[in-house]
Amino acid sequence: MKYIIAMALSMAVLTGCAGNGQPSSAGHSPSAESMGAAVREVSAYGFVTQISPAERIINIKHAPIPEMNWAPMVMDFSVVDGVDLSAFKRGDKVQFILEVDQALNYQIKEISAATD
Ligand SMILES: [Cu+2]
């Protein structure tokens, strides 16, 4: 049983951004349900491409995120409770903070209009 869980975790890591510079729409399989204790915060920015308020998901074309070894890409992010997505629309430039746990699950914990 432990072996299967370890396999699933390593596969989840392998299917993320490979950091090879190739934009992709595959995303990194957000898994809000299995979010463990957040161990670090990573800030990033990008452009809003789509918002799904009911699912609490925002799709962002993000810039490279070196801390996550992610190339630039378009992907879905789930957001934590309390983040108001109604202030954003397609085309907005945003900066955001991801909380990331040890298994590299990630959620947006803060998002705001980019100032620059
Ligand atoms: Cu990505």
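**Entry 1: elements.** I counted one helix and five strands in the protein chain. The model I am reading is a predicted one. Next I followed the chain from the N terminus and noted the order α-β-β-β-β-β.

**Entry 2: the sheet.** I asked in what order the five strands stand in the sheet. I read β3-β2-β1-β4-β5, in an open sheet with antiparallel pairing. Then I looked for the edge strands and found β3 (73–78) and β5 (106–113), each of which pairs on one side only. I also looked up the twist, which averages 45° from one strand to the next.

**Entry 3: β4 and β5.** I turned to one pair in the sheet. Strand β4 covers residues 93–101 and pairs with β5 in the antiparallel sense. I noted seven bridges between β4 and β5. Which residue of β5 stands opposite Val-100? I found Tyr-106 there.

**Entry 4: the core.** I looked up the largest nonpolar core, which has 16 residues. Ile-58, Phe-77, Phe-96, Leu-98 and Ile-108 touch the most other members. I then checked which strands supply this core: β1 (38–52), β2 (57–62), β3, β4 and β5 each give at least two residues.

**Entry 5: around Ile-58.** I listed what Ile-58 touches, leaving out residues up to four places away in sequence. The list reads Val-48, Ile-51, Phe-77, Val-79, Leu-85, Phe-88 and Ile-108.

**Entry 6: the whole chain.** Of the 116 residues in the protein chain, 19% are buried. I also looked at contacts between residues at least 6 apart in sequence; 58% of these join residues at least 24 apart.

Methods:
Residues numbered from 1 in each chain as written. Predicted model: local features only at pLDDT ≥ 70, side-chain atom pairs only at ≥ 80, totals over all residues. Pairing = 2+ DSSP bridges. Helix = DSSP H or I, 4+ residues; strand = E, 2+ residues; numbered from the N terminus. Axes fitted to C-alpha atoms, helices over the stretch in contact; angles between N-to-C directions. Buried ≥ 20, exposed ≤ 12 C-beta atoms within 10 Å, placed from the backbone. Contact = placed C-beta atoms within 7 Å. Core = buried A, V, L, I, M, F, W, Y, C linked by C-beta atoms within 7 Å.
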